[in-house]
Amino acid sequence: MKAVILAGGKGTRLGSLTEQIPKVLLPIAGKPVLEFQFEWLVREGVSEVLLLTGHMTNKIRAHCGDGSKWGLRISFIEEAAPLGTAGALKEAEDFLLEDFLVVYGDVLVDMDLSAFINFHCELEDPCATLMVHPNDHPHDSDLVEFDKQFRITAFHGKPHDPNRFYHNQVNAAVYILSPRIFNYLQRGVHLDLGRDVFPHLVKSERFYAYPSAEYLKDMGSPDRLAAVEADVLSGKVKRHHRRNSRPAVFLDRDGVLCHHVDFLRDLGGLVLFEDVPAALSKLNRSDFLAIVITNQPVVARGWADEAQVREIHKKWRHNLEVRVLVLMPFIFVRIIQTRDFRAKI
């Protein structure tokens, strides 16, 4: 599968760090983020990369060459003026005749790409499959909702409605797209995939989510750049690859994370213990997966349905802004046995 890397951004949030250096060439532990992406793609069996560039293209070309240094074949398409992620991708339409991988140039990722590709290929005629994951800043991220078949049912671009609660499932900026996506793009028009394209796919196309607990983090701000570098140096990035086993902590909800309320079925009744946010944040900074299991007899009794229970979970998951996977026992075994549970325990 051919990989497309969107590398045209100016990196304005990084301030003076990108005045002389393209964002994709900023060093992380002594190596540009773009090289981390190249090495990951080669490990995962990709041999051909198309770089979509704009800002400081000459420096990116000089650094990458033809890609032979990494065992890749690299080609370039340079936008004459900023076109956004979707506008830049439209320029590559003639070169992408089969399903292809898209990676944003400001993310450091180490995931099992073959598992992602197999997932996509087993779906029924998908137009797009997005890697999604929980993160610690959902308030400024594009958020996704999907059903039990992983089909995306809602795409919430930022900024979000402050009067609603959302699942902390973030569009992670790694996609597999069908060439059908070009039907929704316009040549020469500045468009963003998350803002202008993906929301329209929810009702018009077969649009899927691939949830994963593997490592992916953007380095688009100084704080995030420092965090990514720390994760590289500690070995966390490689440890979180799907091929590696990870320990997990299983937590009950009622009486452990929040005050016990008999037959809780409304948003106002769920109150977290005071120390829970800090404890969960510490847990999620570790290598442990945090998995919450909760028995909900209100569903069995017919006093609430699964959707109502999920709305309650949206409230505290979104407000916590930590990576916690909430599962209910009547779907827990099914999830363990399917691709929804990505990490090995």
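These legends describe close-up views of side-chain contacts in a predicted model. Residues are numbered from 1 along each chain as its sequence is written, and side-chain values use heavy atoms, without hydrogens or water. Local features need pLDDT of at least 70, side-chain atom pairs count only at pLDDT 80 or more, and totals for chains, interfaces and linings use all residues.

**View 1. Asp-106 and Lys-23 form a salt bridge.** The term means a side-chain nitrogen of Lys or Arg within 4 Å of a carboxyl oxygen of Asp or Glu. Here the closest N and O atoms are 3.4 Å apart. Asp-106 lies in the loop between β6 (100-104) and β7 (107-110), and Lys-23 in the loop between β1 (3-7) and β2 (27-28), so the pair ties together parts 83 residues apart in sequence. Helices (H or I, at least four residues) and strands (E, at least two) are DSSP runs, numbered from the N terminus. Asp-106 is buried at 11% relative accessibility. Lys-23 is buried at 13%. Buried means under 20% relative accessible area, exposed over 50%, and partly exposed in between (1.4 Å probe, protein chains only).

**View 2. Glu-93 meets Arg-187 in a salt bridge.** The N to O distance is 3.5 Å. Glu-93 sits in the loop between α3 (84-90) and β6, and Arg-187 in the loop between β11 (170-177) and α5 (193-204); the pair therefore ties together parts 94 residues apart in sequence. Glu-93 is partly exposed at 24%. Arg-187 is partly exposed at 42%.

**View 3. Arg-310 and Glu-306 form a salt bridge, both within helix α10 (residues 306-320).** The closest N and O atoms are 2.8 Å apart. Arg-310 is partly exposed at 28%, whereas Glu-306 is buried at 17%.

**View 4. Phe-119 and Tyr-210 are one of twelve aromatic pairs found in the whole structure.** Rings of Phe, Tyr and Trp (its six-membered ring) pair if their centres lie within 6.5 Å; planes under 30 degrees apart count as stacked, over 60 as edge-to-face, the rest as tilted. This pair is edge-to-face, 5.0 Å centre to centre, with 65 degrees between the planes. Phe-119 lies in helix α4 (residues 113-122) and Tyr-210 in strand β12 (residues 207-211), so the pair ties together parts 91 residues apart in sequence. Phe-119 is buried at 0%. Tyr-210 is also buried at 0%.
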